[in-house]
Amino acid sequence: MDFSVLEKNIGYKFKNENLLINAMTHSSAMNEHKNTSNQRLEFLGDAVLQIIISDHLYVSLPSENEGSLSKLRSLIVCTDSLHVASMPLELNQYLILGRGELLSGGRDKKNIIADAYESVVGAIYLDGGYENARDFVMRSLSDIITKAMSGRLTYDYKTTLQEYVQANIQKPLSYELVKVEGPEHDQTFYSRAVIGEIFYETASGHSRKQSEQSAANRALKALGVID
């Protein structure tokens, strides 16, 4: 596999490309590909990521207390955020997965992609030091950090929508299951949010709960609450 395009996406040229290969190797591929899995790099990358974000928040928000800073950091480095940050980099396209994991849709699993992001942070740190790792993190998480610090980043869309409706619209909020498609073992659910008599855009998910979260996200965007 040619990792030159991935290096371009990441914005960092590795001196030791084996570190990048290691970062992309999921544990399911260890036996088939004879590579070391990315679990140790993920462990290191998580620690480096935490200090980078902690330092940025500490300097940028001098009046915030420990509790607020901790909540912001947790939101920025959560699986959802790292997954979002990874997609423009196309990390999922370069994952080295075992056959079983590949067939079960491993390239689209948020936790695997987020773990790979942390592994890349660890790999850059080992290959080029803290400043290069920090440059990568601040560049790839820039939008997420900005939204989090402005209070416009959330992944619990249903709770956010409920709070917004109670405070600003004061009409009944419910979710309507529009349809379910696919075989029982691989169903797709379609739901939409309903506020008063207004129906918002239908969204899908692999469970009813997931589809309702996506529907709440669509409604929040339509209302201008989130971008």
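Accessible areas come from the Shrake-Rupley method with a 1.4 Å probe, and for residues only the protein chains shown count as cover. On that basis the protein exposes about 12300 Å², of which carbon and sulfur atoms supply 48%. This is a predicted model, in which local features need pLDDT of at least 70 and side-chain atom pairs count only at pLDDT 80 or more, while totals for chains, interfaces and linings use all residues. Residues are numbered from 1 along each chain as its sequence is written, and side-chain values use heavy atoms, with hydrogens and water left out.

The protein contains 12 helices and 4 strands; these are DSSP runs numbered from the N terminus, helices being H or I of at least four residues and strands E of at least two. Its C-alpha trace spans about 60 × 50 × 25 Å along the principal axes. Of the 227 residues, 42% are buried (under 20% relative accessible area; exposed is over 50%, partly exposed in between; 1.4 Å probe, protein chains only). Among contacts (heavy atoms within 4.5 Å) between residues at least 6 apart in sequence, 54% join residues at least 24 apart.

Most residues other than glycine have a negative phi.
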